[in-house]
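This briefing is meant to be read beside the sequence and the model. Please keep both in view while going through the points below.

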Amino acid sequence: MTPEAVEAFCLSLPGATLSVQWGGAHVFKVGGKIFALLAGMSRGEPEAWFKASDFSHILLIEQPGIRPAPYLARAKWVAAALDALPEADLQAYLREAHRLILAKLTRAARAEILGPG
């Protein structure tokens with residue numbers, strides 16, 4: 001996936017917002033909490049960093065081009081080269097990262113993002 005495609009996909013998720021922080025990283029948040037980011041673009045090595053489930057984290061860091069995310073590894077974040085996963089798989093992991101962070105929000109915050117029900 002291209003950085004532009006990752007950005008478009010992340011912003012298509014419910015309640016997702018974008019801010020540029022930490023020297024140009026594109027940071028994607030839901031309810032004010034980070035679920036993914038694009039890093040390394042300034043040095044020409046873009047990576048998608050995202051929250052993973054415990055099980056997915058173990059599997060992902062065994063794959064070429066994927067490593068524990070610096071500073072966030074203990075919280076089960078991974079850093080994946082944009083060509084390390086097929087597009088559909090990367091989108092699925094980004095969707096799951098969004099879901100994991102959304103689930104940690106208060107019920108009221110989730111209802112504001114997703115609507116009642």
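Val78 is buried, with a relative accessible area of 0%, where buried stands for under 20% relative accessible area, exposed for over 50% and partly exposed for what lies in between (1.4 Å probe, protein chains only). The model is a predicted one, in which local features need pLDDT of at least 70 and side-chain atom pairs count only at pLDDT 80 or more, while totals for chains, interfaces and linings use all residues. Residues are numbered from 1 along each chain as its sequence is written, and side-chain values use heavy atoms, with hydrogens and water left out.

**Surroundings of Val78**

- Val78 is found in strand S6; helices (H or I, at least four residues) and strands (E, at least two) are DSSP runs, numbered from the N terminus.
- Leaving aside neighbours within four places in sequence, Val78 is in contact with Ala48, Trp49, Phe50, His57, Leu60, Ile61, Ile66, Arg67, Pro68 and Ala69, contact being heavy atoms within 4.5 Å.
- Val78 and Ala36 are 42 residues apart along the chain, and their C-alpha atoms are separated by 9.6 Å.

**Packing of H1 and H3**

- Two packed helices are described by the angle between their axes and the distance between the axes.
- Helix H1 (residues 3-12) packs with helix H3 (residues 87-104) at an angle of about 40 degrees, and their axes are 10 Å apart; axes are lines fitted to C-alpha atoms, for helices over the stretch in contact, and angles run from 0 to 180 degrees between N-to-C directions.
- That angle makes H1 oblique to H3, given that angles under 35 degrees count as roughly parallel, over 145 as roughly antiparallel, 65 to 115 as roughly perpendicular and the rest as oblique.
- The crossing of H1 and H3 is right-handed, a crossing being left-handed if the near helix is turned anticlockwise from the far one by less than a right angle, and right-handed if clockwise.
- From H1, Val6, Phe9 and Cys10 meet Leu90, Gln91, Leu94 and Arg95 in H3.
- The residues of this contact of H1 with H3 divide into 5 nonpolar, 1 polar and 1 charged, where Ala, Val, Leu, Ile, Met, Phe, Trp, Tyr, Cys and Pro count as nonpolar, Asp, Glu, Lys and Arg as charged, and the others, Gly among them, as polar.

**H3 along its length**

- The 18 residues of H3 should span 26 Å at 1.5 Å a residue, and the end C-alpha atoms of H3 are 26 Å apart, which agrees; the expected span of a helix is 1.5 Å times one less than its number of residues.
- Leu90, Gln91, Leu94, Ala97, His98, Leu100, Ile101 and Leu102 are the buried residues of H3.
- These buried residues of H3 pack against H1, strand S2 (25-30), strand S3 (33-39), strand S4 (47-51) and helix H4 (107-114).
- Glu96, which also lies in helix H3, is partly exposed, with a relative accessible area of 26%.
- Although Glu96 and Lys51 are 45 residues apart along the chain, their C-alpha atoms are separated by 8.1 Å.

**Loop residues**

- Tyr71 lies in the loop between strand S5 (66-68) and strand S6 (77-81), has a positive phi of about 70 degrees although it is not a glycine, and counts as exposed at 80% relative accessibility.
- Lys76 is placed in the loop between S5 and S6; Lys76 has a positive phi of about 70 degrees without being a glycine and is partly exposed, with a relative accessible area of 28%.
- Ser42, in the loop between S3 and S4, is exposed, with a relative accessible area of 73%, and is 8.5 Å from Gly23, C-alpha to C-alpha, the two being 19 residues apart in sequence.
- Leu85, in the loop between S6 and H3, counts as buried at 14% relative accessibility.
- Not counting residues up to four places away in sequence, Leu85 touches Leu60, Ile66, Leu90 and Tyr93.
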